[in-house]
Amino acid sequence: MNSFLNNKITGNKTETISLLILALVLVVCFPLIFDAFRLNMVGKYLSLAFAAVGLVLCWGYGGILSLGQGVFWGLGGYAMAAFLKLEAAVNIAHEAGTDQIKALSTVGLPDFMDWNQITELPYIWYPFKSFPITLLMMIGLPGIVAFIIGTAMFRRRVSGVYFAIITQALCWIMEILFVTRQGWTGGINGITDLRTCLGWDIRTISAQYVLYFITVLLLLICIIIGKIVLRTKFGKLLIATRDMEDRVRFSGYDVASIKVFIFTLAGIISAIGGAMFVFNVGFMSPKLVTIEPSIYMVIFCALGGRNSLIGAVYGTLIVCFGRTFFSEEFPALWMLLMGSIFILVTLVFPRGVAGIVEDYGKPLLARISDRKVDAKEIKPIK
Amino acid sequence: MSLKEYILEISDLTVSFDGFKAVNQVALYVEKGSIHVVIGPNGAGKTTLLDLICGKTRPTEGKIQFMGHDITHMLEQDIVKVGVGRKFQTPSIYPTLTVFENLEVSYPRGRNVFGALTFKRDQEVIGRIHEIANMIFLDKLLDTPGELLSHGQKQWLEIGMLLIADPQLLLLDEPVAGMSVDERVQTGKLLNKICKERSVLIIEHDMNFVREIAHTVTVLHQGSVLAEGPMEFVERNEKVIEVYLGE
Amino acid sequence: MSIFNMFDGYSAEDLTSIFIMQGFSGLSLFAVFLLMALGLAIIFGQMKVINMAHGEFLTIGAYTTVFLSDLVTNYIPDFTQYYFIFAILAAFLVAYIVGYIVELLLVSRLYKRPLDTLLATWGVSMIIRQLLRFIFGAREDSAVMPDWLMGSWTPTDTIDIPINGLFLFSMAIIMTIIVFILLFKSRWGLRVRATVQNRTMANAVGINSKQVDRTSFAIGCGIAGIAGAAFTTIGSVSPSAGSLYIVDTFIVVVFGGAGSLIGTILSAFSIAQAQSILEFFLSGVLAKVFVLLIIVGILMIRPQGLVANKIRK
């Protein structure tokens, strides 16, 4: 197993060890330390980490800074929420008994549609009646959106700052649309009061444990997929494109398709996180897909180390724990601290936590293992 | 000698930037298997000419034909695929990748996304990389990151990155700039070896180097061709002496 | 409402008035966009620095004005009629100084990493916002307006144009002229353009390019401060007021073609007019979405923006 990890996925020992440590922390330590409530909160944070992992791929390795990851994260979340909402609506109808419900509303119609005088399910909600199709939409919808945006932008060689600002504008467009199309999206409140998934109550404590582990598992899978992609020639091409785009183009590659692929992959990974978020917290809101959360996703990634898939998870956890702690204790200070993190992470620690660990942790590890080697070498002499 | 065979034929090539004609009605023919050097004072349009050939800049008028393909309006990567390789003036290599990886990335297999994802580093690839590394004098430095190479070695690496794609025509923008005397001699040998199987179009300022390697020299001045021919012939041209070479 | 009968019930005179007033509302929006974008046209357009805290400099200018207005009404009420002129100068000065410090400590170290500047200045914007909240509180404040800015101008019985709108518009025009003169006629402007086009050469001919960067950035921030002062005439101020405009402002500059002041003006004009015309037909937010989508679409066809010079790379 260990050698399989070494050879096929991470490529070297240090990375394997750090992946295993992360798995250990998430799978063993957190469930032991935290109660169900806190663990559920960690699950919520980890759903955000997906976006950061995606950003490591497209920003850290591809040099494409997207300030619109919230769009894809949100699409994944809304897709899942739509499915759960329909199920909740149908269940409510059954619980209340058909006679009663007929008097109140159309059976199986989400409550917010009712409030917005919508009497029939809109066509765009039809796919979310089926779970497999929802799963497909959850990945396909953001994937297609990312593909279209990416193709349109990268074919026209929109890059760098311009790309960042345009993706920010897209985030804004998405927010406005989701807030104003109340009858379809639940407006500013979003899609709330989600209860069961295929009959399984997601609000119970045991369900929350299971959902936490599913989130962790999917996150680790996404990290491993990222590592595999980076290990291939494509991964090197991606770095090459980031550092010397023209050289790649004049080596016979279609640079745009490289960028489109990684941008789409990052979008899909984010979307999975959005869906898991909905499972963990039981709602989806447009406040989570605005400009600011998208910038936060970038800072998760920057703080963790923009070139470290594993660091992205720690970056997310640090910021989220920090926000929870400070907003409980000293909310005003949090903004100042957060602002300082933005500045420090660009000015002083551009490689983030992963960089710090590498600079200070590696020599330490080397010293420890050196000692072991010394000890072994001394023995035969004695 | 029988009929000359041309690998690259450029006719009436003009590009204008807001009315300023950086390249004006240029006609240029590169013979197969030759080293063709373009010289000229700063701002003569030399680099722009290479940009036009490889598709980085689009011409306002004119036609560029390469081995029977009309490449005037082709996409950059497609021009590479028909067999034109371009080296830039400032050595463009991938700084964080090793010499081996630099060459591997330039290997002409797995050029689309799916191909790159499933690309396997097999014996053929490794063999070819060693062969090229040997040729460009970097066989001992395969595991060195690109950014740690000397300026001259970077120039070689970039030439190697072109060679591994097996182009029929190499466009080299000042390949010996910043090289020591020894490196220059080695580069001269390398270029002579290269042109046995392919043609080379070079921009160069170092006249001694040009004298050594050039089969044909074209002098550009203010976007137009001033003179063309073997170096001995061009050197004696009065206009060339006046605007470029001096007394 | 259909397009054919939407004019029913209005007399020809009414219609003329509506169009004049509607047209003027487009012009006000144009003035707002232009004022916001002018500072950024220097900082982003010329220096290619992505200053995400640009909106906060606007807020700083606005709060300077509010602060002065409070001071004057409390201690020297007779001066209320005239303080505004000084407030504009003070707004420039305060924003200039803060901008200078931000450049010195932060931006100057990030010129080669534009995307990092974006993140760092976002951090700056969070800090400034929070500090303003500490000092002035989170609720909205407004400045006391001198009498000459109140009321409206009524050339006919049915046309009614607010004076503060006119004032804002003239401020935008005056500031544009000043920026034009600064960039294209002054010694400083020459240095900025020289530095932008070829830094090494500019250094070689004796231009202290670092100093040029610093003052350019600070002047850009100062102009945002003036915009902030001007904004107090049409609305109230809160610590996050400026950040609401940042995306708009960037889009105006990018759409106009970074580096072209004329482009910025054209872009501010077309976006403002498009939005106010569309608002007449669609709801406000949808007009916004529509305009944004059109801009994104146009930017894909012309990534270099409306006005761009063909350059030889």
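**Chatting through a three-chain predicted model**

Biologist: What about chain B, what is its mean pLDDT?

Modeller: The mean for chain B is 90, with 98% of its residues at 70 or more. Among the elements of chain B, helix H10 (residues 238–245) has the lowest mean, 83, while helix H3 (residues 99–106) of chain B has the highest, 94.

Biologist: What ipTM and pTM does the model score?

Modeller: The ipTM is 0.91 and the pTM is 0.90.

Biologist: Good to know. On to the contacts, then. How many residues do chain A and chain C each put into their contact?

Modeller: Chain A contributes 35 residues and chain C contributes 32 residues. On the chain A side, four helices each supply at least two residues: H7 (131–155), H8 (160–180), H14 (291–304) and H16 (331–347).

Biologist: Which of them gives the largest share?

Modeller: That is H8(A), with 13 residues of the side of chain A that touches chain C.

Biologist: How does that side of chain A split by class?

Modeller: The side of chain A that touches chain C has 27 nonpolar residues, six polar ones and two charged ones.

Biologist: Now the other partner. How many residues of chain A are in contact with chain B?

Modeller: There are 21 residues of chain A in contact with 25 residues of chain B. Helices H11 (233–243), H12 (245–249) and H13 of chain A each supply at least two residues of that side of chain A, and H11(A) gives the most, with seven residues.

Biologist: And what are the classes on that side?

Modeller: Where chain A touches chain B, chain A has ten nonpolar, four polar and seven charged residues.

Biologist: Let's go inside. Which residues touch the most other members of the largest nonpolar core?

Modeller: That core has 288 residues, and Ala49(A), Ala52(A), Ile299(A), Phe300(A) and Leu35(C) touch the most other members. Helix H13 (residues 255–281) of chain A gives the most to this core, with 18 residues.

Biologist: I'd like to look at Phe300(A). What is Phe300(A) in contact with, leaving aside neighbours within four places in sequence?

Modeller: The contacts of Phe300(A) are then Leu48(A), Ala49(A), Ala52(A), Ala312(A), Gly315(A), Thr316(A) and Val319(A).

Biologist: Changing topic to chain B. In what order do the strands of its open four-stranded sheet come?

Modeller: The order is E2-E1-E4-E5, and the pairing is antiparallel. E2 (20–31) and E5 (69–70) of chain B are the edge strands, each pairing on one side only.

Biologist: How many bridges join E1(B) to E2(B)?

Modeller: Eight bridges join E1 (residues 6–17) of chain B to E2(B), and the two run antiparallel. For example, Phe17(B) has Phe20(B) as its bridge partner, and Val15(B) has Val23(B). Their hairpin has two residues between the strands, and Asp18(B) there takes a positive phi near 45 degrees.

Biologist: And E1(B) with E4(B), how many bridges there?

Modeller: Five, again in the antiparallel sense. In that pair, Glu9(B) stands opposite Gln65(B).

Biologist: Which helix lies across those strands?

Modeller: Helix H1 (residues 46–54) of chain B lies across E1, E2 and E4 (61–66) of chain B, running at about 70 degrees to E2(B).

Biologist: One more strand: is E7(B) mostly covered or uncovered?

Modeller: Mostly covered: five of the five residues in E7 (residues 169–173) of chain B are buried. Leu169(B), Leu171(B) and Asp173(B) point one way, and Leu170(B) and Leu172(B) point the other way.

Biologist: Which strands does E7(B) pair with?

Modeller: E6 (residues 84–87) of chain B pairs with E7(B) in the parallel sense over four bridges, with Lys87(B) partnered by Leu172(B). Five bridges join E7(B) to E8 (residues 199–203) of chain B, also running parallel, and there Leu170(B) stands opposite Val200(B).

Methods
Residues numbered from 1 in each chain as written. Chains lettered and ligands numbered in written order. Predicted model: local features only at pLDDT ≥ 70, side-chain atom pairs only at ≥ 80, totals over all residues. Contact = placed C-beta atoms within 7 Å. Nonpolar A, V, L, I, M, F, W, Y, C, P; charged D, E, K, R; others polar. Core = buried A, V, L, I, M, F, W, Y, C linked by C-beta atoms within 7 Å. Buried ≥ 20, exposed ≤ 12 C-beta atoms within 10 Å, placed from the backbone. Pairing = 2+ DSSP bridges. Axes fitted to C-alpha atoms, helices over the stretch in contact; angles between N-to-C directions. pLDDT = per-residue confidence, 0-100.
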